[in-house]
Amino acid sequence: MAEEKVRIDKWLWAVRIFKTRSQAAEECTKGHVSIGAVHVKPSRELKGGEIVKVRISPIERHYLVKKLTVKRMSAQLAVDFVEDVTPPETLSLLNAVKAYGFEYRPRGLGRPTKKDRRMIDRLKAGDDEDF
């Protein structure tokens, strides 16, 4: 259902950028959501065609507002309402952080063992005697 006036926190929640509306409102309040160069409040009304910038650590993602909605929908339907227009160089930075960060652990490996934990601690401390 398309609306003419939609609060930005409702729209961010409806198109599945945030899991809850309160989380979307909190991120707006913290200054992590902006339109243009202006940080927005959760109550700001959104218009079609605007670019919304959302800082999700460690990068800032850019979303184009295609249509407005207040109803949460499945991810398959959300693509009709939002388009990710984040610059490719920013996304490559995200991939680099994931690939080379000490804290990154591929999905499905589970928690580190004691041996893994000790090795991680040695790497962080700069002690590389036992490698």
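**View 1. Glutamate 27 and lysine 30 in helix 2 of the predicted model.** The two residues are three apart, about one turn of the helix. Glutamate 27 forms a salt bridge with lysine 30, and their closest N and O atoms are 3.9 Å apart. This pair falls within the 4 Å limit used for a salt bridge. Glutamate 27 is buried, at a relative accessible area of 13%, whereas lysine 30 is partly exposed, at 48%.

**View 2. Lysine 30 and glutamate 26.** Lysine 30 also forms a salt bridge with glutamate 26, with 3.3 Å between the closest N and O atoms. Four residues separate the two in helix 2 (residues 21-30), which puts them about one helical turn apart. Glutamate 26 counts as partly exposed, with a relative accessibility of 41%.

**View 3. Aspartate 84 and arginine 61.** A salt bridge links aspartate 84 to arginine 61, the closest N and O atoms being 3.1 Å apart. Aspartate 84 belongs to strand 7 and arginine 61 to strand 6, so the pair ties together parts that are 23 residues apart in sequence. Aspartate 84 is partly exposed, at 39% relative accessibility.

**View 4. Strands 6 and 7 in the sheet.** Strand 6 (residues 59-65) and strand 7 run antiparallel and are joined by three bridges. Leucine 64 has glutamate 83 of strand 7 as its bridge partner. The open sheet has five strands in the order 3-2-5-6-7, paired antiparallel. Strand 3 (38-39) and strand 7 (82-84) are the edges; each has a single partner strand, so one side of each lacks a neighbour in the sheet.

**View 5. A salt-bridge network.** Arg7, Asp9 and Arg21 are linked by salt bridges into a network. The count of salt bridges comes to seven.

Conventions. Residues are numbered from 1 along each chain as its sequence is written. This is a predicted model: local features need pLDDT of at least 70, side-chain atom pairs count only at pLDDT 80 or more; totals for chains, interfaces and linings use all residues. Side-chain values use heavy atoms; hydrogens and water are left out. Two strands pair if DSSP finds at least two bridges between them. A salt bridge is a side-chain nitrogen of Lys or Arg within 4 Å of a carboxyl oxygen of Asp or Glu. Buried means under 20% relative accessible area, exposed over 50%, partly exposed in between (1.4 Å probe, protein chains only).
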